[in-house]
Amino acid sequence: WLKFNIAAHTMLLLRKRLHELPGCCDPVVSLPGSEGDQIDDHAALELAHQLKRNTCFTGVLDLPGNAITEASVPALVSALAHLPLAGLVLRDNPVRNRAGTELRSLLECGTLRTLDIRGTKITDDGVAQVCLGARKNPQLRHLMLAEVGHDGLRCLLDAVLRLPELETVHVTIRDVPNLHRDRATTTDADFDVSDYTAKKADKEEEEEDDEELAAQKAQAAAEAAARRARMVEGDFDSDEEDGTAEPRGSVALQNLLAEVVRTVECTVTLKGFDICGAQEVKAAEEDVARILDERAGREQQDKASAEQTGVSTCGASLDAQVDELAKATEARRAQSMSFLRDADLDDSSTRFLGVRPYFNRRLVGLLDDALYQCQAHKMKGNAAVQTWQGEMAFVAMHLRRAIEAGRAV
């Protein structure tokens, strides 16, 4: 009765929350689970039914800490496939690898920008399906995964290189080829020989055999201990004389971690790449953090320099060049008129008046102005000035108007 009451209460909350959803005005629907009140598979099916009825939802569906398994994920994906969903959070749900195929089909819809499956049981096989779907979704920006081995990490790195807008990645790495384990065909009971009864020998022969066996075991143990001592003697790196070398993991893990660092370095859109795991991944985690910090510092420096120069767009640069040309034209025009303003009209001054330079400079100023106006009409798409005959006619017209207005005197 208590379980039924909790499920019914959860369904009522789902109906109320989704019926009150005002479309894109509320971008996140958060239904976190708590102790004694979690969304199970039955409630997840009800949630899928309500989502099919609400066709205007375009936000993020946040379902952390619930009891959703892979049994109800196909119904959820089928309900979300027709919606322009922006994100799906299934963190800390007991979802297994079988849900990876459904998540792949949801990613291939092309609208999902956030996927969070941290804390789930989706490991290498499921992560491989998720990464295949992510490669076909260029809008994906945030990808948070659960624990993976070497195979899952390879699939993730291949997907990161193909996502042009990816910003955040989270993954937990284990130093094993694959976290998937097939079900065992034998159990411990198959090797239980505690009820076996051997044939009893005579008492004297048994005592002699026990003493001889104990001596042989002691001698073998001493020889094995001596061999182990000789083998581990001096077994540490030359730069760590105390013999306490940090664990580095297997060779395959070292190669994959080096590939992680190279991938982060060449993917310029990444702003965060969280690596969790044992002590073996510490060095790679520090290298990734250093690369991202340097990239953020360079971006801030470039932004500050662009703000300081005041020219941050191509349009602003062109406007500055046009203003500079206009100021130069006005300066030349003022310089050509300075002869008449500054000269004294007595005999000595008129004798040294540069008549030819004055008219040359005046004519050059008018021609500059005419060519500038012609180029402006050309940029606006005026068909009359697209040929050289049209340009000459426009310049002649501009000079005639200047003479009629008295500007050429």
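1. Leaving aside neighbours within four places in sequence, H82 is in contact with L51, K52 and T55. The model is a predicted one. H82 sits in the loop that runs between helix 3 and strand 3. Its relative accessibility is 40%, so H82 counts as partly exposed, the range for that class lying between 20% and 50%. H82 and L51 are 31 residues apart in sequence, and their C-alpha atoms are 9.7 Å apart in space.

2. Which residues of helix 3 are buried? In this helix, residues 73-80, they are V73, L76, V77, A79 and L80. These residues lie on the same side of helix 3, because they cover an arc of only 160° around the axis. An α-helix has 3.6 residues a turn, so residues three or four places apart point the same way.

3. Several elements take part in covering the buried residues of helix 3. Among them are helix 2 (41-53) and helix 4 (99-107), together with strand 2 (60-62) and strand 3 (87-89).

4. How do helix 3 and helix 4 pack? Their axes are 9 Å apart and form an angle of about 5°. Helix 3 is therefore roughly parallel to helix 4, since angles under 35 degrees count as such. On the helix 3 side the contact involves V73, P74, V77 and L80, and on the helix 4 side A99, E102, S105 and L106. By type, the residues of this contact are 6 nonpolar, 1 polar and 1 charged. V73, V77 and L80 also belong to the buried residues of helix 3.

5. The largest nonpolar core has 62 residues, and the members that touch the most others in it are L61, L88, L156 and F273. Helix 8, residues 251-266, contributes the most to this core, with 6 residues. In soluble globular proteins, nonpolar side chains tend to be buried together.

6. What does L61 touch? Not counting residues up to four places away in sequence, L61 touches V29, L47, L51, L80, L85, G87, L88 and V89. One of these, L51, is also a contact of H82, and another, L80, is among the buried residues of helix 3.

7. Some totals place these details in the whole protein. The secondary structure consists of 13 helices and 7 strands. Of the 409 residues in the protein, 31% are buried. Among contacts between residues at least 6 apart in sequence, 82% join residues at least 24 apart.

Notes:
Residues are numbered from 1 along each chain as its sequence is written. This is a predicted model: local features need pLDDT of at least 70, side-chain atom pairs count only at pLDDT 80 or more; totals for chains, interfaces and linings use all residues. Side-chain values use heavy atoms; hydrogens and water are left out. Buried means under 20% relative accessible area, exposed over 50%, partly exposed in between (1.4 Å probe, protein chains only). Helices (H or I, at least four residues) and strands (E, at least two) are DSSP runs, numbered from the N terminus. The arc is that of the directions from the helix axis to the C-beta atoms. Contact means heavy atoms within 4.5 Å. Axes are lines fitted to C-alpha atoms, for helices over the stretch in contact, and angles run from 0 to 180 degrees between N-to-C directions. Angles under 35 degrees count as roughly parallel, over 145 as roughly antiparallel, 65 to 115 as roughly perpendicular and the rest as oblique. Ala, Val, Leu, Ile, Met, Phe, Trp, Tyr, Cys and Pro count as nonpolar, Asp, Glu, Lys and Arg as charged, and the others, Gly among them, as polar. A nonpolar core is a set of buried Ala, Val, Leu, Ile, Met, Phe, Trp, Tyr and Cys residues joined through side-chain atoms within 4.5 Å.
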